[in-house]
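Notes follow in the order I looked things up.

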Amino acid sequence: MDTHHAPEETVEALAASFEEGPPEVDLSVYKIEDWLTLVLFWILCAVVFLQFFTRYALNDSASWTEEIARYLLIFVVFIGSAMCVRLDHHIQVDLLYRYLPRPVGRMLATMVDLLRITFLGYALYLTWQVMQRVGNQPMTMIDWPMSVIHGFVMVGFGFMLIRAVLL
């Protein structure tokens, strides 16, 4: 009967690990878009829970929760995308860079960065144009203007553009 056990530790080493304090937490690595995404995500969770509770526990669904949850998800995606730009975590194909000579790969990476900045700037401009055209058109269930939704998208593109330029 051969059972696999975790590596054996001495009692002294185990006891010493409890005497160590918790590791230092460095919150300075997080930027404003990280905190904003976190807040919006937890508001989204609360709205979805409220929707679930009113639908299944009270058997009388709050009609506005579905629309607000959809918009909050849009906010989380666009504001959270700025975090991905800052950390360079967006999907990319880097296999080609491995086989190119270093100067050519560097030139290609620079061109991709310039293309990304151009795209984000143009998307920011287009979002502004949509906001101007939509104006004060109300949402479906709530009497708020749709420009609020497009405003969050524009802020997301703005954060992404700033992070792409600073990257």
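**Starting at a loop**

I began with Val29, which sits in the loop between helix 1 (11–19) and helix 2. For the record, helices here are DSSP runs of H or I with at least four residues, strands are E runs of at least two, and both are numbered from the N terminus. Before going further I noted that this is a predicted model, where local features need pLDDT of at least 70, side-chain atom pairs count only at pLDDT 80 or more, and totals for chains, interfaces and linings use all residues. Residues are numbered from 1 along each chain as its sequence is written, and side-chain values use heavy atoms, with hydrogens and water left out.

Val29 counts as partly exposed because its relative accessibility is 47%. My cut-offs are under 20% relative accessible area for buried, over 50% for exposed, and partly exposed in between (1.4 Å probe, protein chains only).

I then found Val29 in a nonpolar surface patch with Val25, Leu27, Tyr30, Trp35, Leu38, Phe41 and Trp42, about 840 Å² of accessible area together. A patch takes residues with over 30% relative accessible area and no salt bridge; nonpolar side chains (Val, Leu, Ile, Met, Phe, Trp, Tyr) are joined within 5 Å, like charges within 9 Å. The areas are Shrake-Rupley with a 1.4 Å probe, and for residues only the protein chains shown count as cover.

**Helix 2**

I listed the buried residues of helix 2: Glu33, Asp34, Thr37, Leu40, Leu44, Val47, Gln51 and Thr54. Their cover includes helix 3 (64–87) and helix 6 (147–166). Contact here means heavy atoms within 4.5 Å.

**Salt bridges**

I get 6 salt bridges in the structure. The criterion is a side-chain nitrogen of Lys or Arg within 4 Å of a carboxyl oxygen of Asp or Glu.

What does Glu33 pair with? Its partner is Arg163, with the closest N and O atoms 2.8 Å apart. Glu33 is in helix 2 and Arg163 in helix 6, so this pair ties together parts 130 residues apart in sequence. Glu33 is buried, with a relative accessibility of 0%, and Arg163 is buried at 16%.

Next I checked Arg86 and Asp34, whose side chains meet in a salt bridge at 2.9 Å, N to O. That pair links distant parts of the chain, with Arg86 in helix 3 and Asp34 in helix 2, 52 residues apart. Arg86 counts as buried at 16% relative accessibility, and Asp34 is buried at 8%. I wrote down that Glu33, Asp34, Arg86 and Arg163 are linked in a network of salt bridges.

Arg70 and Glu66 form another salt bridge, the closest N and O atoms being 3.6 Å apart. Both lie in helix 3, 4 residues apart, about one turn of the helix. A quick reminder to myself: an α-helix has 3.6 residues a turn, so residues three or four places apart point the same way. Arg70 is partly exposed at 44%, and Glu66 is partly exposed at 45%.

**Ser81**

Still in helix 3, I looked at Ser81. Ser81 counts as buried at 13% relative accessibility. A polar atom of the Ser81 side chain lies 2.7 Å from the backbone oxygen of Val77. Leaving aside neighbours within four places in sequence, Ser81 is in contact with Val76, His90 and Met160.

**Positive phi**

Which way does phi go at Asn59, positive or negative? Positive, at about 55 degrees, although Asn59 is not a glycine. Most residues other than glycine have a negative phi. Asn59 lies in the loop between helix 2 and helix 3, and counts as exposed at 68% relative accessibility.

Asp88 also has a positive phi, near 55 degrees. Asp88 is in the loop between helix 3 and helix 4 (95–99), and is partly exposed at 35% relative accessibility.

Key. A polar contact is a pair of N or O atoms within 3.5 Å; within protein, one must be able to donate a hydrogen and the other to accept it, and residues adjacent in sequence count only if both atoms are side-chain atoms.
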